[in-house]
Amino acid sequence: MLRSLFEFVDALPSSVAWRESLNAYVYLLTAHVVSMGVVAGIISYWDMRLAGMALKWIPVSKVQSGLFPWLYGGTAVNAGTGLLMVYSQPMRYYPNFWFWLKMGMLLVLVANAAYFHLSIEKTVEKWDNDPVAPLKARVAGYVSLAFWAGVIATGRMTAYSGLVPQWWIDLGLG
Amino acid sequence: MSLQPFFQWMQTQPFAAFFLESIWPTPIVQCIHLISVAVFAGALLIVDLRLLGRGLTSSSIPKLASAAQPWLVWSFVALIVSGIPQMMSTALKEYYSPFFWWKMEMVFLGAIVTFVVRKRIASKEEGHFGPVWPKVVGMTSIALWTSVTIGARLIGLLS
């Protein structure tokens, strides 16, 4: 089913147009890397505040309100360029082990952020000024730091589509 | 004096050959380089945004800059250390790439602005240098390091 979706997108005229453009991939990848620096760089300070590693004198809510508008802007560019790269070359990414590992890590990050937002953040007034946040918040920070590093690494590894485990090759997705 | 013989010499070193002929060292070093980019970008941006009057405005500029400085310095060291093997193993490609020289010029200017000019500006409380200079320095810093990233990406894509 997933393969059919990727093949469907691959055949769309707009996907073909992006794919055959001489400069589109260059612009997209360059913008993706620059916005990655903004997103990962800024979110690392949010995570480090939660983990008790940095900015301990600034209330958690102030770190959030000061950094998140920039994070949202960077994420819009980063996700937009990433989606367009996949849209323009779906059958290049479909069999790529590192691409799917990166998507899996992004899912963990989304779940981690949702858990923080829906559960831990509800009590933030109680520990807003604490230099070290409660254990659950610290764990959320460490998980986010580790998985963001993983997303960056697997994103870079997407270019090495041949350096994959044998069991993945045996799936015969390519 | 041409630097071409030096770049040719770099590429013929056993260290460069090791990176070219082995499978995993190059991608691993590239991943470390990219993670260092993110750490460097974060440490840079929180101070540059603050100089622009944005971001973490509840903190003073000197306190924020001094907290970010170790992350900035050590990620810059990691960038250089992880960049050297990549440059050595493809030295001649880099030598003939206009984007490599663009990147190196921007790194040179960026390092002066960040580690000399901005460090001085960010060491004083808001208002000490007037309302304009901190903003000019913050914008210059962001522009220079964005240019470094664009140049770096274009070496791989267009050289």
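**From one chain to the interface**

Modeller: A:Arg3 and A:Glu7 form a salt bridge, with 3.0 Å between the closest N and O atoms; the term requires a side-chain nitrogen of Lys or Arg within 4 Å of a carboxyl oxygen of Asp or Glu. Both residues belong to helix H1 (residues 2–11) of chain A and sit 4 residues apart, about one turn of the helix. Over all chains, the structure holds 4 salt bridges.

This is a predicted model, in which local features need pLDDT of at least 70 and side-chain atom pairs count only at pLDDT 80 or more, while totals for chains, interfaces and linings use all residues. Residues are numbered from 1 along each chain as its sequence is written, chains are lettered from A and ligands numbered from 1 in the order in which they are written, and side-chain values use heavy atoms, with hydrogens and water left out.

Chain A has 9 helices and 0 strands, where helices (H or I, at least four residues) and strands (E, at least two) are DSSP runs numbered from the N terminus. The order of its elements from that end is α-α-α-α-α-α-α-α-α. Along the principal axes, the C-alpha atoms of chain A fill a box of roughly 55 × 35 × 25 Å.

One helix pair of chain A can be described in detail. The axes of H2(A) (residues 13–20) and H4(A) (residues 60–88) come within 8 Å and cross at roughly 100°; axes are lines fitted to C-alpha atoms, for helices over the stretch in contact, with angles from 0 to 180 degrees between N-to-C directions. H2(A) is therefore roughly perpendicular to H4(A), a label for angles of 65 to 115 degrees, as against under 35 for roughly parallel, over 145 for roughly antiparallel and oblique for the rest. A:Ser14, A:Ser15, A:Trp18 and A:Arg19 of H2(A) make the contact with A:Leu84, A:Tyr87 and A:Ser88 of H4(A), contact being heavy atoms within 4.5 Å.

Chain B comes to 7 helices and 0 strands. Its C-alpha atoms fill a box of roughly 55 × 35 × 25 Å along the principal axes.

At the interface, 31 residues of chain A are in contact with 32 residues of chain B. The two chains bury about 2800 Å² between them, 83% of it on carbon and sulfur atoms; this is the accessible area (1.4 Å probe) that two parts lose on being put together, summed over both. Between the chains there are 0 salt bridges and 3 residue pairs in polar contact, both residues at pLDDT 80 or more. A polar contact is a pair of N or O atoms within 3.5 Å; within protein, one must be able to donate a hydrogen and the other to accept it, and residues adjacent in sequence count only if both atoms are side-chain atoms.

On the side of chain B that touches chain A, the elements giving two or more residues are helices H3 (25–51), H4 (61–89) and H7 (133–158) of chain B. H3(B) supplies the largest share, 13 residues. By class, that side has 21 nonpolar, 8 polar and 3 charged residues; Ala, Val, Leu, Ile, Met, Phe, Trp, Tyr, Cys and Pro count as nonpolar, Asp, Glu, Lys and Arg as charged, and the others, Gly among them, as polar.

B:Thr149 is found in H7 of chain B. Apart from neighbours within four places in sequence, B:Thr149 is in contact with A:Val33 and A:Val34. A polar atom of the B:Thr149 side chain lies 2.9 Å from the backbone oxygen of B:Trp145.
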